[in-house]
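Hello,

Here is the structure I promised to pass on. My notes on its pockets and its cavity follow below.

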Amino acid sequence: IIDLGSIAFRGELSAFSAKNSTNSRFFVTDYEAYLMISVLPLIFVEAGGGFQNWHGQSGLAPVGSGSLILRIGEFFDRLYLTYSRVFIPNNASTVFKVGLGINL
């Protein structure tokens with residue numbers, strides 16, 4: 001995170017498990033960049049995008065995301081709720097993520 005006070009820039013590299021329409025699980029890696037804006041002292045909203053790789057499914061696809069964030073500290077730095085739209089040709093998909101972010 002590059003923190004400039006009321007705004008910040010953040011890069012993300014994440015991985016998670018997802019399910020397809022037949023309930024089969026697959027691995028997703030996510031590469032995104034975000035602009036964060038403070039709305040209250042510890043609450044931020046962010047918007048950004050990048051790419052997700054749906055391993056064994058559709059491969060690499062562009063993604064756009066928006067999040068609501070509670071900044072909670074330094075190492076465990078945020079609790080978040082994220083909505084993402086993955087632009088897979090002929091099969092655009094929605095992903096919701098809830099999690100705890102760490103700062104390395």
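**Pockets and cavity**

The largest pocket holds about 360 Å³ of space. It has 20 lining residues, and the closest to its centre are Glu 12, Leu 13, Ser 14, Arg 78 and Tyr 80. Strands E2 (7-19), E6 (76-86) and E7 (93-102) each give two or more residues to this lining, which divides into 11 nonpolar, four polar and five charged residues.

This is a predicted model, where local features need pLDDT of at least 70 and side-chain atom pairs count only at pLDDT 80 or more, while totals for chains, interfaces and linings use all residues. Residues are numbered from 1 along each chain as its sequence is written, and side-chain values use heavy atoms, with hydrogens and water left out.

On terms: on a 1 Å grid over the protein atoms alone, a pocket is an open set of points with protein on both sides within 12 Å along at least five of seven lines, a cavity is a set where a 1.4 Å probe fits but cannot get out, and lining residues have an atom within 4 Å of a point. Volume is the space filled by probe spheres set on the points, which are joined across faces, edges and corners. Strands are DSSP runs (E, at least two residues), numbered from the N terminus. Ala, Val, Leu, Ile, Met, Phe, Trp, Tyr, Cys and Pro count as nonpolar, Asp, Glu, Lys and Arg as charged, and the others, Gly among them, as polar.

The second largest pocket has about 170 Å³, with Phe 16, Phe 26 and Trp 54 among its lining residues.

One cavity reaches 30 Å³ or more; E6 gives the most to the lining of the largest cavity, with three residues.

Best wishes

How values were computed. Helix = DSSP H or I, 4+ residues; strand = E, 2+ residues; numbered from the N terminus.
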